[in-house]
Amino acid sequence: MKRFSILSTMILIFGLAVCVSIGYLLSTTLLSTGLFESVANIGSNQITVYAIDMQSSDNVTDLNDLKSTLQNSTGAGYVYNRDNTYHLLASVYENLADAELVKTNLKNNGYSPEILKIEIPTLKFSGNFSANEKNVLTNALQAKQTIFKALYDIAISLDTSVSDKTQAKLDCNNTFSKLVTIKSNFETIFAEKLKSDNFQTLHKSLENTYNHLSLLISEKSVTPTQSYSSLIKFTYCKILLEN
């Protein structure tokens with residue numbers, strides 16, 4: 001009986017080991033073949049920003065003097081063209097309340113700014129995506145907003161002397177590194193789809209964001225006397241409004 005008991009135990013252990021091995025192989029096969037993919041609708045968040053419009057004109061040269069003044073201080077000095085009217089932007093904000101406060105402060109200092117509401121176009125994807133693909137795609141879709149928020153916070157810290165220029169430059173470098181990771185992951189995961197439909201549009205947006213940030217960390221100023229705070233704001237205006 002003792003022999004039979006030992007034999008039965010060995011057979012049971014062997015059987016369990018086989019079941020575990022088969023289960024592992026099956027799960028690995030299912031994952032590698034993408035059978036756990038699911039149909040999903042993935043889109044970028046709706047972004048609405050409120051820009052401080054310092055001056056507008058049908059002739060862009062009318063804005064040059066104030067543009068230089070803004071860029072020599074802490075304003076973006078970014079020229080935004082909408083419906084053939086040029087708007088000179090000092091900065092953009094995610095909520096109206098912040099923009100209203102800045103508008104009031106500028107009026108108290110002799111300027112006549114207006115608030116310009118701008119809605120950033122969204123991009124949507126529909127298809128079968130694995131969990132990893134969803135994560136990479138979502139990060140890529142949110143990159144524009146992610147980078148804007150990071151640069152906005154850096155500029156605020158610099159303007160309020162929470163950080164100095166050196167720290168601001170280090171923070172911009174870190175922001176650039178995050179974008180490089182997002183862009184590289186997207187290009188790796190979706191290498192075979194980069195020339196199709198919305199994938200091409202999103203890839204171009206990531207490349208534009210990459211180029212804008214490259215100019216920022218290289219301190220490629222618009223004018224020789226542009227402040228670093230102005231350059232940061234100018235950069236996030238380009239990222240939001242040109243991609």
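Read along the sequence, this protein chain runs through its elements in the order α-β-β-α-β-β-α-β-β-α-α-α-α-α. The model you are looking at is predicted. In total, the chain holds eight helices and six strands.

**The chain as a whole**

- The protein chain has 243 residues, and 37% of them count as buried.
- Take the contacts in the protein chain with a separation of 6 or more: residues 24 or more positions apart account for 76% of them.

**Helices H4 and H6**

- Two packed helices are described by the angle between their axes and the distance between the axes.
- Helix H4 spans residues 131-141 and helix H6 spans residues 165-189; their axes come within 9 Å and cross at roughly 135°.
- The crossing of H4 and H6 is left-handed.
- On the H4 side, the contact is made by Asn 132, Glu 133, Val 136, Leu 137, Asn 139 and Ala 140. On the H6 side, Ile 182, Asn 185, Phe 186 and Ile 189 take part.

**Lys 233, a lysine in helix H8**

- You will find Lys 233 in helix H8, which covers residues 228-242.
- Is Lys 233 buried or exposed? Its relative accessibility is 6%, so Lys 233 counts as buried, the cut-off for buried being under 20%.
- Which side chain does the side chain of Lys 233 meet in a polar contact? The partner is the side chain of Asp 159, at 2.7 Å.
- A polar atom of the Lys 233 side chain also lies 2.9 Å from the backbone oxygen of Thr 74.
- Leaving aside residues up to four places away in sequence, Lys 233 touches Thr 74, Ala 76, Ala 90, Ser 91, Ala 155 and Asp 159.

- Asp 197 is not a glycine, yet Asp 197 has a positive phi of about 45°.
- Asp 197 belongs to helix H7, residues 197-217, and counts as exposed at 67% relative accessibility.
- Glu 219 is not a glycine either, and its phi is positive at about 55°.
- Where does Glu 219 sit? Glu 219 is in the loop between H7 and H8.
- Glu 219 has a relative accessible area of 29%, so Glu 219 is partly exposed.

- With 34% relative accessibility, Tyr 111 counts as partly exposed.
- Tyr 111 and Met 54 are 57 residues apart along the chain, and their C-alpha atoms are separated by 7.5 Å.
- Which residues does Tyr 111 touch, not counting residues up to four places away in sequence? They are Met 54, Leu 66, Thr 69 and Leu 106.

How values were computed. Residues numbered from 1 in each chain as written. Predicted model: local features only at pLDDT ≥ 70, side-chain atom pairs only at ≥ 80, totals over all residues. Heavy atoms only, no water. Axes fitted to C-alpha atoms, helices over the stretch in contact; angles between N-to-C directions. Helix = DSSP H or I, 4+ residues; strand = E, 2+ residues; numbered from the N terminus. Left-handed = near helix turned anticlockwise from the far one by under 90°. Contact = heavy atoms within 4.5 Å. Buried < 20%, exposed > 50% of the residue type's maximum accessible area, 1.4 Å probe, protein only. Polar contact = N/O pair within 3.5 Å; in protein donor to acceptor, adjacent residues only side chain to side chain.
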